[in-house]
Amino acid sequence: MADCERKWTIYQHQIQVVFDYELKLGRNATNVTRHINAAFREGTVSEQITRCWFAKFRLGDTNL
């Protein structure tokens, strides 16, 4: 999961909290990526990074 932790902005913790929240609501990675990029700025996260964090959280690793 090391790829999850590359190129983060100052918003890293906030974005990870959003990932966890959105996953718990059953949202998909495509929409979550779009929403995060709209809220923070385009290019903040890629869909691949979102999927990586979702996989991490699904395995029970919710360490931010």
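Modeller: Let us begin with a pair of charged residues: the side chains of Asp20 and Lys24 meet in a salt bridge, at 3.2 Å from N to O. Please bear in mind that the model is predicted.

Colleague: What is the general idea behind such a pairing of side chains of opposite charge?

Modeller: Side chains of opposite charge can pair when their charged atoms come close. In the present case, Asp20 and Lys24 are 4 residues apart in helix 1, so about one helical turn separates them.

Colleague: Is Asp20 buried or exposed, and is Lys24 buried or exposed?

Modeller: Buried means under 20% relative accessible area, and exposed means over 50%. Asp20 therefore counts as buried, at 19%, whereas Lys24 is exposed, with a relative accessible area of 65%.

Colleague: How many salt bridges does a search of the whole structure find?

Modeller: The search finds 3. One of them joins the side chains of Arg27 and Glu22, at 2.7 Å from N to O. Glu22 is buried, at 9% relative accessibility, while Arg27 is partly exposed, at 39%. Another joins the side chains of Arg51 and Glu47, at 2.4 Å from N to O. Arg51 and Glu47 both belong to helix 3 and are 4 residues apart, about one turn of the helix. Both count as partly exposed: Arg51 has a relative accessibility of 47% and Glu47 one of 29%.

Colleague: How far apart are Arg58 and Asp20 in sequence and in space?

Modeller: They are 38 residues apart in sequence and 9.3 Å apart in space, C-alpha to C-alpha. Arg58 is found in helix 3 and is exposed, with a relative accessible area of 59%.

Colleague: How does one check the length of a helix, taking helix 1 as the case?

Modeller: One compares an expected span with the distance between the end C-alpha atoms. At 1.5 Å a residue, the 13 residues of helix 1 should span 18 Å, and the end C-alpha atoms are 19 Å apart, which agrees. After helix 1 comes Gly26, whose phi is positive, near 80°.

Colleague: Which residues of helix 1 are buried, and what covers them?

Modeller: The buried residues are Ile15, Gln16, Phe19, Asp20, Glu22 and Leu23. Their cover includes helix 2 and helix 3.

Colleague: Where do the buried residues of helix 2 lie around the axis?

Modeller: First, the residues themselves: in helix 2 (residues 29-39), Ala29, Val32, Thr33, Ile36 and Asn37 are buried. They cover an arc of only 130° around the axis, so they lie on the same side of helix 2. Ala38 and Ala39, on the other side of helix 2, are exposed. Helix 1 (12-24) and helix 3 (47-58) are among what covers the buried residues of helix 2.

Colleague: What is found at the start of helix 2?

Modeller: There, a side-chain oxygen of Asn28 comes to within 3.1 Å of the backbone nitrogen of Thr30.

Colleague: What should one bear in mind where pLDDT is low?

Modeller: Where pLDDT is low, the predicted coordinates should not be read in detail. For this protein chain the mean pLDDT is 82, and 81% of the residues reach 70 or more. Among the elements of the chain, helix 2 has the highest mean pLDDT (93) and helix 1 the lowest (86).

Key. Residues are numbered from 1 along each chain as its sequence is written. Side-chain values use heavy atoms; hydrogens and water are left out. Buried means under 20% relative accessible area, exposed over 50%, partly exposed in between (1.4 Å probe, protein chains only). Helices (H or I, at least four residues) and strands (E, at least two) are DSSP runs, numbered from the N terminus. The arc is that of the directions from the helix axis to the C-beta atoms. Contact means heavy atoms within 4.5 Å. A polar contact is a pair of N or O atoms within 3.5 Å; within protein, one must be able to donate a hydrogen and the other to accept it, and residues adjacent in sequence count only if both atoms are side-chain atoms. The expected span of a helix is 1.5 Å times one less than its number of residues. pLDDT is the predictor's confidence in each residue, from 0 to 100. A salt bridge is a side-chain nitrogen of Lys or Arg within 4 Å of a carboxyl oxygen of Asp or Glu.
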